[in-house]
Amino acid sequence: PPEPPVVEASAPTQLARAPAKTGVEYVMGEPDTNDCPPGTVPLEDADACDNAATGLGKPFGSFDPVSESEPKGCQFRIPDQDIYFNSHETGSPKDSRQPICAVSR
């Protein structure tokens, strides 16, 4: 199968399409925010986050930190170059994290 797209964290907002079977586009939002960019929606759960990681060609950390000091929801960890899901209700922005969101249709 073809290699998944490579998405680097150097640009603040980036778009990548997941494998064709899902037809979902994912956006990596601005670092140090807890919100999705306009026109996108947060991912609902760890399974959706895992799908986004696959679509973005990044490893998915299956752990759930449930941490108020980490951003809520699906996040790209810039230093570790991986994606995880934090199920904490509010979370907190962090400069080394980018929210992963789906383009709303």
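Predicted model: local features only at pLDDT ≥ 70, side-chain atom pairs only at ≥ 80, totals over all residues.

**The disulfides and their surroundings**

Guide: The torsion about the S-S bond of Cys-36 and Cys-101 is about -90 degrees, so this disulfide is left-handed. In it, the sulfur atoms of Cys-36 and Cys-101 lie 2.0 Å apart. A disulfide is a covalent bond between the sulfur atoms of two cysteines. The pair links distant parts of the chain, for Cys-36 sits in the loop between S2 and S3 while Cys-101 belongs to strand S7, and 65 residues separate them. Their surroundings may be described in turn. Cys-101, by contrast, has a relative accessible area of 0% and is buried.

A search of the whole structure finds two disulfides. The other bond joins Cys-49 to Cys-74, with an S to S distance of 2.1 Å. Its torsion about the S-S bond is about 80 degrees, so the disulfide of Cys-49 and Cys-74 is right-handed. Cys-49 lies in helix H1 and Cys-74 in strand S5, so this pair ties together parts that are 25 residues apart in sequence. Cys-49 is buried, at a relative accessible area of 0%. Cys-74 also counts as buried, at 3% relative accessibility. When the bonded cysteines are numbered in sequence order, the pairing reads 1-4, 2-3.

In soluble globular proteins, nonpolar side chains tend to be buried together.

Apart from its neighbours within four places in sequence, Ile-83 is in contact with both Cys-49 and Cys-74. Its other contacts include Ala-53, Leu-56, Phe-60, Phe-76 and Ile-100. Lys-58, Pro-59, Gly-61 and Gln-75 are likewise in contact with Ile-83.

We may now turn to the loops. Most residues other than glycine have a negative phi. Asp-32, although not a glycine, has a positive phi of about 65 degrees. Asp-32 is found in the loop between strand S2 (25-28) and strand S3 (40-42), and Cys-36 is in the loop between S2 and S3 as well. With a relative accessible area of 44%, Asp-32 is partly exposed.

Gln-81 is a further residue other than glycine with a positive phi, here near 55 degrees. Its place is in the loop between strand S5 (71-77) and strand S6 (82-91). Gln-81 is partly exposed, having a relative accessible area of 27%. Asp-80 is also found in the loop between S5 and S6, and counts as partly exposed at 44% relative accessibility. From C-alpha to C-alpha, Asp-80 and Arg-97 are 9.9 Å apart in space, and they are 17 residues apart in sequence.

Note on methods: Residues numbered from 1 in each chain as written. Heavy atoms only, no water. Helix = DSSP H or I, 4+ residues; strand = E, 2+ residues; numbered from the N terminus. Buried < 20%, exposed > 50% of the residue type's maximum accessible area, 1.4 Å probe, protein only. Contact = heavy atoms within 4.5 Å. Disulfide = S-S within 2.5 Å.
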